[in-house]
Amino acid sequence: MNTTTMKQLFLFTLLGIALLGCNPSKEEGLKDDKNQYFLPPATTYNYTKIDSVQLFYRESGSRENPTIVLLHGYPSSSHTYRNLIPMLSTHYHVIAPDNLGSGYSDHLDPSTTKYTFDLLANYTQQLINKLEIKNYVMYMQDFGAPIGYRMMAKDPNRIDALVVQNANAYLDGLTPKRQDFFRTAQTDTSQTKRDFLYTLTGEDAVINKQYLFDLDATNRNSQSPDAWTHDLAFLNTKKDREIQVQLFQDYNTNLIRYPKWQKMLRENQPKTLIVWGKKDLKFNANGAKAYLKDVPKAELHLLDAGHFAAEEKTREVAKLIVDFLKHNGIK
C-alpha cells in the first residue's frame, strides 16, 4: 500500500468517526426528548383608561401574530380564560378584557350609570382601538355574543374569523320559557321581579344555577371552584349585583336584534368555528346548529360539556381553534 493510499484511508476513517459522533444512538435521542419541555409565553395583567374609566385585560403572545379577542360571559370575567390563554398564545396574540362592571375593570355605580350591552360593547371596542388592533379573531361566550355582534355590526371587515362557544344569536337556542324570562326581565318592572333577578346574582345561584347547573355527578370535578370563587369576589356588594340585574333587564334587546345579526352573518359569511357544550340547558345545542342556516360553511363541534365548555374542555377547545385558524390561513 503506497503512501497516498494510506493517507486516503486515514482521512476516510476520521470522516467516519466524525459522522458517527453527529448521529447519537436511539437511546440517547430518547433521553434528550425526555429532557425537553414546553413553556408558553407569559400572560400580563394590564389596565388602561378610557374616558376616565379603568378597564382591565389579560394579554399574551407576540403582537406579530394574528390577534384573538376573548369575550367572556355572565357571571365571569377574563379569569374564565386563564387556562385557554397559554394554549393559544404560542401561536397567536391573545387579548382577554374584563367587561365594564365585571372582574378587575371599574364597577361604576349603577345608580348613576345605566348598564346596557350597548355600553359594554362601546367600551370594549374603544379598548381594542386603543391597543391599535385593526383586525382580529373574535371568540364569544354567553354575554360575549351581544357584545361581539354589536362590535362586528360597526365594522364587519375587522373580523378575521368568529369562534362561537355557547354564544346565542338564534331563538332556536332558547326554550320558550327562557325567551319569556328575558322578555319579562325587561317588561316587568315590579319590585317582585327585580328581587327575583337579584337572587340570581347570589352565591347559590352562581354556583348551582350557572357553573354546576348542566353538569352531572360524573363530570362535576371538571369545573374548578376557582371559577365561581373568583366571580363571587366581584359580586359581594349590592352595587356589584345590581350591575348584573340591569344587564338581565337589558338582555331582551339582544333577542330583538337577532334577525339583524343573522342578516349580517348571511351577508358577510365570516369564517366561523362553533364549539358548543351540548349539555348546556340555557343556550341549548339547537342554537349552535341554527348558525348553519346563515353560515353553511361554518365548522360545528358539539362537545360533551355544559355552558362553560372552555372551563371543562380547555384542551379540546384550544386544539379546535388552532387547527381551524391554520386551516383557514390565519397563522
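**Reading a predicted model, feature by feature**

Mentor: Start at lysine 154, which counts as exposed because its relative accessibility is 62%. Exposed means over 50% relative accessible area, buried under 20%, and partly exposed in between (1.4 Å probe, protein chains only). This is a predicted model, where local features need pLDDT of at least 70 and side-chain atom pairs 80 or more, while totals for chains, interfaces and linings use all residues. Residues are numbered from 1 along each chain as its sequence is written, and side-chain values use heavy atoms, without hydrogens or water.

Trainee: Where does lysine 154 lie?

Mentor: Lysine 154 lies in helix H5, residues 144–154. Helices (H or I, at least four residues) and strands (E, at least two) are DSSP runs, numbered from the N terminus. The C-alpha atom of lysine 154 is 9.7 Å from that of glutamine 125, and 29 residues separate the two along the chain.

Trainee: How do I read the sheet? In what order do the strands come?

Mentor: Strands of a sheet pair through backbone hydrogen bonds, parallel or antiparallel. Here 8 strands form an open sheet with mixed pairing, in the order E1-E2-E4-E3-E5-E6-E7-E8. Two strands pair if DSSP finds at least two bridges between them. Strand E1 (43–50) and strand E8 (299–303) are the edges, each pairing on one side only. On average, neighbouring strands of this sheet are turned by 20° against each other, direction ignored.

Trainee: How many bridges join E5 to E6?

Mentor: Strand E5 (residues 136–140) and strand E6 (residues 159–164) run parallel, joined by 5 bridges. Valine 137 stands opposite alanine 161 in E6. Helix H14 (residues 314–327) packs on the sheet, touching strand E3 (67–71), E5, E6, strand E7 (272–277) and E8. Contact means heavy atoms within 4.5 Å. The direction of H14 makes about 170° with that of E7. Axes are lines fitted to C-alpha atoms, for helices over the stretch in contact, with angles from 0 to 180 degrees between N-to-C directions.

Trainee: Which peptide bond is cis, and which residues have a positive phi?

Mentor: Most residues other than glycine have a negative phi, and most peptide bonds are trans. Here the bond from tyrosine 74 to proline 75 is cis, with omega near 0°. Proline 75 lies in the loop between E3 and helix H3 (84–88). Aspartate 142 has a positive phi, near 55°. Its place is the loop between E5 and H5. Aspartate 142 counts as buried because its relative accessibility is 7%. Glutamine 269 also has a positive phi, near 45°. Glutamine 269 lies in the loop between helix H11 (252–268) and E7. It counts as partly exposed, at 36% relative accessibility.

Trainee: What volume has the largest pocket?

Mentor: About 500 Å³. On a 1 Å grid over the protein atoms alone, a pocket is an open set of points with protein on both sides within 12 Å along at least five of seven lines; lining residues have an atom within 4 Å of a point. Points are joined across faces, edges and corners, and a volume is the space filled by probe spheres set on them. Of the 21 lining residues, Arg178, Phe181, Leu200, Gln210 and Lys282 are closest to the centre of the largest pocket. Helix H6 (176–187), helix H7 (191–199) and helix H8 (203–211) each give two or more residues to that lining. H6 gives the most, with 4 residues.

Notes: On a 1 Å grid over the protein atoms alone, a cavity is a set of points where a 1.4 Å probe fits but cannot get out, and a pocket is an open set with protein on both sides within 12 Å along at least five of seven lines; lining residues have an atom within 4 Å of a point.
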